[in-house]
Amino acid sequence: MQEVNVGIIGLGNVGSGTLAILTENAEQIALKLGFQLRVKALCSRSITVKPAADSIFRTTDWRQVVAHTEVDVVAELVGGTTVAREIIDAAIAHKKSVVTANKELMALCGAEIWDRAIAAGINLAMEASVAGGIPIHTVLREGISGDRVTTLYGILNGTSNYILTEIEKHGSSFDSVLQDAQRLGYAEADPSADVDGYDARSKLAILAALAFGEKITPSDIYTEGIRRILPLDFQYAHTLGHTIRLICAARQTPDGLILSVRPALIPQSTILAGVQGAYNAVWVRGKYGADTFYYGRGAGAAPTGVAVVSDLMRVAREIRRGSPERVSPFAHERLGEYKPISVTLQHSAYYLRFRVVDRPGIIASLAGVLAQKQISLEAVLQLPSENRRDLPFVITVEPTSEQSIREALAEMSAHDFLVEPPFAMPMERSL
Ligand SMILES: NC(=O)c1ccc[n+]([C@@H]2O[C@H](COP(=O)([O-])OP(=O)(O)OC[C@H]3O[C@@H](n4cnc5c(N)ncnc54)[C@H](OP(=O)(O)O)[C@@H]3O)[C@@H](O)[C@H]2O)c1
């Protein structure tokens with residue numbers, strides 16, 4: 001049977017990993033497919049210094065890869081939302097299927113790109129865009145597509161999870177763990193996308209679209225990063241039988257879908273609490289199939305490369321055997337019940353952490369604000385501390401609305417005994 005030819009644009013982490021797997025594992029891939037999957041063309045700005053077989057066409061101009069008459073599938077592994085978008089647009093115009101790892105672009109305008117891909121009769125595969133080594137797209141689009149998803153929780157940013165678990169293990173500050181992570185290459189020089197939650201937000205937008213069949217954009221998702229987490233938050237969380245993770249959550253409520261990326265307390269007994277270091281995990285609850293859990297490496301050349309190569313194999317099979325009828329993962333009918341609604345409508349128990357200059361009557365005045373907002377106080381915790389000018393303590397409250405908590409925090413912030421504004425995290429008890 002005739003071979004299928006691939007053009008790879010972008011030879012950084014993911015592109016190099018993809019090329020290495022396609023080369024080293026070529027024999028087994030051909031056995032699984034029944035035909036050869038060949039790399040025909042490669043492109044990167046520094047292509048001259050990239051090692052590759054002489055038989056492969058090499059260029060710095062991505063247009064030559066897309067227009068190459070023998071290239072059947074284009075792998076867009078450049079990233080970003082400008083050149084990557086031009087590459088995918090050009091591939092669609094040339095009626096060539098595309099495999100991409102680009103979460104940012106897919107979260108921003110995946111729905112529109114998918115519509116054009118379907119109209120052109122080509123395939124668009126994006127498994128590598130979320131949770132690199134976990135085949136979560138295939139799970140949601142095929143494995144559990146017969147279920148009706150009610151809740152999805154994820155740990156989707158490896159850098160944040162690494163930082164949080166290092167703070168937890170060693171009691172070091174956020175800044176010192178971040179510096180170590182940058183030195184070891186686990187965090188970017190500009191860490192904002194990771195530690196402020198934006199990378200996780202793009203991934204949640206894609207997963208929620210797949211899980212709920214809704215058009216979800218990053219702006220539908222309440223996002224808060226991990227910069228305010230202190231080692232003492234872990235001490236208090238442990239005292240409460242919990243730990244802290246950057247939790248990506250999409251949950252169906254009677255009024256609509258509530259979406260958030262934020263640090264949260266989760267019970268130490270939950271399977272998500274065991275996700276350590278740079279690992280990712282996705283936990284899905286369905287109306288019929290109940291709970292399923294997926295775990296693996298969220299990034300890295302080889303795990304992400306496996307996702308890209310597996311997508312290339314899927315697309316190649318379709319090219320050889322004819323395309324099945326295709327529905328965009330972003331283009332389901334809006335069902336209303338899955339319409340994104342504000343996080344302020346969320347109900348949860350909360351952990352409230354204060355740092356104060358010690359003086360009598362502080363707890364009474366904070367409790368007064370809570371009572372005024374109809375919020376029931378559950379516990380007050382204070383671990384031993386010597387520093388009377390920066391004394392931490394924690395109040396936990398019974399389930400209430402995010403709106404009420406925000407109003408209470410705004411009112412509390414006016415008190416001059418606070419060293420910094422109060423810090424709130426939801427306590428996820430349904431896990
Ligand atoms: N890294 C991961 O573990 C991971 C995991 C999941 C998804 N992703 C996604 O995968 C994509 C690629 O990420 P990466 O980490 O591999 O990025 P990267 O290491 O920065 O690699 C980007 C590649 O694109 C090439 N490139 C950039 N602009 C180009 C242009 N105008 N023309 C031709 N080539 C160009 C670069 O060429 P030069 O090297 O010659 O400059 C480089 O080879 C992104 O969408 C990312 O979000 C990454």
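**Entry 1: the ligand**

I began at Val 14, where a polar backbone atom sits 2.8 Å from an oxygen atom of the ligand. A note to myself before going on: this is a predicted model.

Next I looked up Leu 11. One of its backbone N or O atoms is 2.8 Å from a ligand oxygen atom. Then I turned to a side chain: Lys 103 places a polar side-chain atom 3.3 Å from an oxygen atom of the ligand. I also checked how covered the ligand is. On its own it exposes 910 Å², and the protein buries 76% of that.

**Entry 2: the shell**

How many residues surround the ligand? I found 21, and the closest are Leu 11, Val 14, Arg 45, Ser 46 and Gly 300. Sorting the shell by class gave me 9 nonpolar, 9 polar and 3 charged residues.

**Entry 3: strand 16**

Now for a strand. Is strand 16, residues 391-401, mostly covered or mostly open? I see it is mostly covered, with 9 of its 11 residues buried.

Which strands pair with strand 16? One of them is strand 14, residues 347-356, which runs antiparallel to strand 16 and joins it over 9 bridges. As an example I picked Ser 348, whose bridge partner in strand 16 is Thr 400.

Strand 15, residues 377-381, also pairs with strand 16 in the antiparallel sense, over 4 bridges. Here I noted Leu 377, which stands opposite Val 397 of strand 16.

Note on methods. Residues numbered from 1 in each chain as written. Predicted model: local features only at pLDDT ≥ 70, side-chain atom pairs only at ≥ 80, totals over all residues. Heavy atoms only, no water. Near = heavy atom within 4 Å. Polar contact = N/O pair within 3.5 Å; in protein donor to acceptor, adjacent residues only side chain to side chain. Areas by Shrake-Rupley, 256 points an atom, 1.4 Å probe, with all protein chains shown as cover. Nonpolar A, V, L, I, M, F, W, Y, C, P; charged D, E, K, R; others polar. Buried < 20%, exposed > 50% of the residue type's maximum accessible area, 1.4 Å probe, protein only. Helix = DSSP H or I, 4+ residues; strand = E, 2+ residues; numbered from the N terminus. Pairing = 2+ DSSP bridges.
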